[in-house]
Amino acid sequence: MKNVQFPAGATHLALTLGLLHFDFSTLEYRLKSSTPLYLDKSYSPNSFEMQVDLPDVAGTAIAVLGLKFYQEVQGTYYLFRSANAVGVANLG
């Protein structure tokens, strides 16, 4: 977490694991997403686990990781909507 650059005012980083199944023959697709994992700036463990159900469509599986920054105020998370506060990565 010490290498993550939080936008000014952000208190948490939320990660969401997604599994997309895409059938290139029929163009049918389904995306299943995990519950977000909220990590604050002081998060120190070296690893964590995330789980997601399998989509109910056959096809090529693509794993993606979404990331969003939030500000926590009295237990409520408010999403940052600036261009540098949301991202997605293809995991394979």
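A salt bridge is a side-chain nitrogen of Lys or Arg within 4 Å of a carboxyl oxygen of Asp or Glu. The structure shown above holds two of them, and this tour visits both. The model is predicted: local features need pLDDT of at least 70, side-chain atom pairs count only at pLDDT 80 or more, and totals for chains, interfaces and linings use all residues. Residues are numbered from 1 along each chain as its sequence is written, and side-chain values use heavy atoms, with hydrogens and water left out.

**The whole chain**

Begin with the entire protein in a cartoon view. It contains six strands and zero helices, where strands (E, at least two residues) and helices (H or I, at least four) are DSSP runs numbered from the N terminus. The order along the sequence is therefore β-β-β-β-β-β. Next, switch to a surface view. The accessible surface comes to about 6,500 Å², and carbon and sulfur atoms account for 52% of it; such areas come from the Shrake-Rupley method with a 1.4 Å probe, and for residues only the protein chains shown count as cover. Of the 92 residues, 24% are buried. Buried means under 20% relative accessible area, exposed over 50%, and partly exposed in between (1.4 Å probe, protein chains only).

**The salt-bridge network**

Now select E28, R30 and D56, which are linked in a network of salt bridges. Between E28 and R30, the closest N and O atoms are 3.6 Å apart. E28 is partly exposed, with a relative accessible area of 36%, and R30 is also partly exposed, at 36%. D56 itself is exposed, at 63% relative accessibility.

**Strand β3 and Y38**

Move to Y38, in strand β3. Is this residue buried, partly exposed or exposed? Its relative accessibility of 30% makes Y38 partly exposed. Display the residues around it: beyond the neighbours within four places in sequence, Y38 is in contact (heavy atoms within 4.5 Å) with H12, L13, A14, Y70 and Y77. Finally, draw a C-alpha to C-alpha distance from Y38 to T16; the two are 22 residues apart in sequence and 9.1 Å apart in space.

**Back to the whole**
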